[in-house]
Amino acid sequence: MYQPRYPSFSVSPRTFSEVAPRGEALQSLAETDSLRSRFFSWRGASGRRYVCSVFQSGEESFIADVTNGAVIGVAREGVTTRPVCVFLAQERAPGDRFALRRIARELGVAEWHVHFCADAAALRDLSASLLN
């Protein structure tokens, strides 16, 4: 569901009881303690795999300074991962960490997943897969 709250910002109407989207930890990092929790991959509607860097809620200052990438707000309940919003970093005001903190609080964002160097086509692909 696309809600034009921000130019390219989407919010998910899903709940935890619904089927989780196609996201997974990177198998190549499964044996590492330091990197395993820092990367995650999501599949777009096209089937393309998008590897993302993972930042915890509270790291909004860094996320606010990202100028090129798709940002996915992720809620967690136990081991269940659910994207709750997706937007292009380049369409937000740089350094607006207060807005990101508000979004995190309102939507229950526990992590920010960032696919760097994403364009509008990647955002549409991710949004179609993760939020519909």
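**Aromatic pairs, salt bridges and a hairpin**

Phe-62 has a relative accessible area of 41% and is therefore partly exposed, where buried denotes under 20% relative accessible area, exposed over 50%, and partly exposed the range in between, with a 1.4 Å probe and protein chains only. The model is predicted, so that local features require pLDDT of at least 70 and side-chain atom pairs count only at pLDDT 80 or more, while totals for chains, interfaces and linings use all residues. Residues are numbered from 1 along each chain as its sequence is written, and side-chain values use heavy atoms, with hydrogens and water left out.

The protein contains 3 helices and 7 strands, helices (H or I, at least four residues) and strands (E, at least two) being DSSP runs numbered from the N terminus. In order from the N terminus, the elements follow the pattern β-β-β-β-α-β-β-α-β-α. Of the 132 residues in the protein, 45% are buried. The protein exposes about 6,900 Å², of which carbon and sulfur atoms supply 53%; accessible areas come from the Shrake-Rupley method with a 1.4 Å probe, and for residues only the protein chains shown count as cover. Among contacts (heavy atoms within 4.5 Å) between residues at least 6 apart in sequence, 64% join residues at least 24 apart.

Strands S5 (residues 69–77) and S6 pair in the antiparallel sense over 8 bridges, the criterion for pairing being at least two DSSP bridges between the strands. The two strands form a hairpin with 2 residues between them, and Gly-78 in the turn has a positive phi of about 65 degrees. Within this pairing, Thr-81 of S6 is the bridge partner of Arg-76. Strand S6 (residues 80–88) is mostly covered, with 8 of its 9 residues buried.

Aromatic rings were examined next. A pair of aromatic rings is described by the distance of the centres and the angle of the planes. Rings of Phe, Tyr and Trp (its six-membered ring) are paired if their centres lie within 6.5 Å, with planes under 30 degrees apart counted as stacked, over 60 as edge-to-face and the rest as tilted. The count by this rule is 3 aromatic pairs. In the pair formed by Phe-55 and Phe-62, the ring centres are 4.7 Å apart and the planes stand at 35 degrees, so the arrangement is tilted. Phe-55 counts as buried because its relative accessibility is 9%. For Phe-87 and Trp-112, the centres are 6.3 Å apart and the planes at 75 degrees, so this pair is edge-to-face. The latter pair links distant parts of the chain, with Phe-87 in strand S6 and Trp-112 in strand S7 (residues 111–116), 25 residues apart. Both partners are buried: Phe-87 has a relative accessible area of 3%, and Trp-112 has a relative accessibility of 0%.

The ring of Phe-87 also has a charged neighbour. Arg-92 lies over its face at 5.1 Å from the ring centre, the criterion being NZ of Lys or CZ of Arg within 6 Å of the ring centre and within 35 degrees of the ring normal. Arg-92 is itself buried, with a relative accessible area of 13%, and its side chain meets that of Asp-96 in a salt bridge at 3.9 Å, N to O. Asp-96 counts as partly exposed at 29% relative accessibility.

In total, 5 salt bridges are found in the whole structure, each defined by a side-chain nitrogen of Lys or Arg within 4 Å of a carboxyl oxygen of Asp or Glu. One of them joins Arg-101 to Glu-60, with the closest N and O atoms 4.0 Å apart. Because Arg-101 lies in helix H2 and Glu-60 in helix H1 (residues 60–65), the pair ties together parts that are 41 residues apart in sequence. Glu-60 is buried at 3% relative accessibility, whereas Arg-101 is partly exposed at 32% relative accessible area. Apart from residues up to four places away in sequence, Arg-101 touches Glu-60 and Ser-61. The C-alpha atoms of Arg-101 and Ala-64 are 9.8 Å apart in space, although the two residues are 37 apart in sequence.

A further salt bridge is formed between Glu-106 and Arg-102, with the closest N and O atoms 3.7 Å apart. Both residues lie in helix H2, 4 residues apart, about one turn of the helix. Glu-106 is partly exposed at 45% relative accessibility, and Arg-102 is partly exposed with a relative accessible area of 32%.
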